[in-house]
Amino acid sequence: MSFEDSLWHSTAGGSFTPRPPLPGDIGVDVAIVGAGYSGLWTAYYLHRADPSLRVAILEREFAGFGASGRNGGWCSALFPPASSGIARRHGADAAVAMRGAMHDAVVEVGRVAEAEGIDIHYARGGTIALARNQAQLARAREIVEDEHAVTGDIERLALLSKEEAEEHARATRVLGGTYTPHCAAIHPLRLVRGLASCVEARGVSLFERTAASEIKPGAVVTEHGTVRAEIVVRATEGYTPSLRGHRRRVIPLYSLMIATEPLSAEAWDQIGLRRRETFADLRHMRIYGQRTADDRFAFGGRGAPYHFASRTRPSFDRNGRVHSGLREVLVDLFPVVADVEVTHEWGGALGIPRDWHASVGLDRARGFGWAGGYVGDGVATANLAGRTLAQLITSQENGLTRLPWVGHSSRSWEPEPLRWLGVNGGRLLMSSADRSENRTGKPAKRARAFARFIGY
Ligand SMILES: Cc1cc2nc3c(=O)[nH]c(=O)nc-3n(C[C@H](O)[C@H](O)[C@H](O)COP(=O)(O)OP(=O)(O)OC[C@H]3O[C@@H](n4cnc5c(N)ncnc54)[C@H](O)[C@@H]3O)c2cc1C
């Protein structure tokens, strides 16, 4: 029941021996708490913007321990909220700018990985989202119409017929779907481990096994000493509630994954996913999968319970009901995997803000920067966050620093037990909406809206 159980860990290569902890009190220009994508990309672009800056990263476990080392490997242009939500809150131009920036982020991750010699198994095959009942088909039309109404043709999100969808993935009961080219399948842990080595080689100090207990203006307090810094960046995403004073900023929601043994060439001929397209269907309780570079399925989904008081524990990475449910869903999608062995089961926590709106920002007066609340779409978004924070910190205002998520503030989550009741109630409602849509083919819009209202 740990980080080591994941497919990514067993195929990452390299050593996981932790780097030394903070040796005592130090002073730097920028202190970053958390060595996942958000923290590491911030350090990477800070160093590029100004190599003379003294940057230190403090990591409670080791680089990549969090969601960055465990995720589904969709390096996608998905951004929470969707374009229509951004247009409603911030205007249509802002939504178009955000969409363009996310497209660029997908490309930028692949570009930097190649330039830095990090082999992340990057394959930009796009995403196929299948509609497998009438309600999902109606949703596919709505999503495409909404996206086109706001962003015109820049999204290049296409509505597919049954035959076109099956060209990408021959799953059961396909009625149609959507396709976007703006996604790459990657090996997530290789990316985060490679980035850590890369920033360290450039002179960034990376202290592992160093837990921050408190972030104060101009200082990070840890068990090994205090780091004084002009700017402190919080990059702890789903783990943020463990920091004093930040307990209700986001909730940690567990997403769980399985991986299969490698499949034969004949099986893949039946399935498709020839360009390693990432795939999902359009159910409410999100599922996501990829064909890995070594021809396995890595497949995940939500549905695990939210734990009281936003707790995170290694034991929450496993849930028999959800893991066996994932296997059933995968077999339901692609019956050819019925006899294929599931070799890995794991999970991790991602961060959800109260309004499901990701944000990045810098409060210069308090010397405090932050990034996160990516709602499960953080792989490419954290790259954009890192570039944006580096620009904000080095006072290089540009197009990125004017994007609508910069400085966005989400209200705090409710105190317990309301939070537990709302999130878990909403989760059950979402599952029942999916069951009802499967049975009746009618969209369960009200259940979905209510689930979101009460927290999920
Ligand atoms: C199972 C799963 C599947 C996912 N699939 C996808 C996907 O396919 N595509 C996608 O875009 N997104 C996906 N996500 C979300 C994505 O992985 C995250 O949004 C992203 O990795 C967040 O990066 P981060 O650096 O902000 O946070 P993290 O990677 O979680 O890093 C935070 C780090 O902070 C450290 N930390 C925490 N508290 C402290 C402290 N007090 N002191 C010091 N260090 C601390 C942690 O140990 C951790 O290493 C998935 C998430 C999960 C869990």
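Predicted model: local features only at pLDDT ≥ 70, side-chain atom pairs only at ≥ 80, totals over all residues.
Trainee: What makes a space a cavity and not a pocket?

Mentor: The search runs on a 1 Å grid over the protein atoms alone. A cavity is a set of points where a 1.4 Å probe fits but cannot get out, whereas a pocket is an open set with protein on both sides within 12 Å along at least five of seven lines. Rolling a probe the size of a water molecule over the atoms shows where empty space is left.

Trainee: How much space lies in the largest cavity, and which residues line the largest cavity?

Mentor: About 50 Å³ lies there, a volume being the space filled by probe spheres set on the points, with grid points joined across faces, edges and corners. Its lining is F79, P81, A82, S83, I86, A95, M98, R99 and M102; they count as lining because each has an atom within 4 Å of a point.

Trainee: What classes does the lining of the largest cavity divide into?

Mentor: Seven nonpolar residues, one polar and one charged. Ala, Val, Leu, Ile, Met, Phe, Trp, Tyr, Cys and Pro count as nonpolar, Asp, Glu, Lys and Arg as charged, and the others, Gly among them, as polar. By that rule R99 is the charged one and S83 the polar one.

Trainee: What space does the ligand take?

Mentor: The ligand takes the second largest pocket. A molecule sits in a pocket if more than half of its atoms lie within 2 Å of its grid points. About 790 Å³ of space lies in this pocket. Of the 48 residues lining the pocket, the closest to its centre are G66, A67, S68, E237 and A349. β16 (342–353) gives the most to this lining, with four residues, and by class the lining has 21 nonpolar, 19 polar and eight charged residues.

Trainee: How many residues surround the ligand?

Mentor: There are 37, and the closest are S38, E59, S68, A212 and V379. A residue is near a molecule if one of its heavy atoms lies within 4 Å of it. This shell divides into 18 nonpolar, 14 polar and five charged residues, and its largest share, three residues, comes from β16.

Trainee: What makes a pair of atoms a polar contact?

Mentor: The pair must be N or O atoms within 3.5 Å; within protein, one must be able to donate a hydrogen and the other to accept it, and residues adjacent in sequence count only if both atoms are side-chain atoms. A backbone N or O atom of A67 lies 3.0 Å from a ligand oxygen, so the pair is inside the limit. A polar backbone atom of A212 is 2.9 Å from a ligand nitrogen, and one of V379 is 2.8 Å from a ligand oxygen. Taken alone, the ligand exposes 1000 Å², and the protein buries 99% of that, with areas from the Shrake-Rupley method and a 1.4 Å probe; for residues, only the protein chains shown count as cover.

Trainee: Which peptide bonds are cis?

Mentor: Among them are P80 to P81, with omega near 0°, and E416 to P417, with omega near 5°. P81 lies in the loop between β3 (74–76) and α3. R209, which is not a glycine, has a positive phi of about 50°, and D295 has one near 65°. Most residues other than glycine have a negative phi, and most peptide bonds are trans.

Note on methods
Residues numbered from 1 in each chain as written. Heavy atoms only, no water. Helix = DSSP H or I, 4+ residues; strand = E, 2+ residues; numbered from the N terminus.
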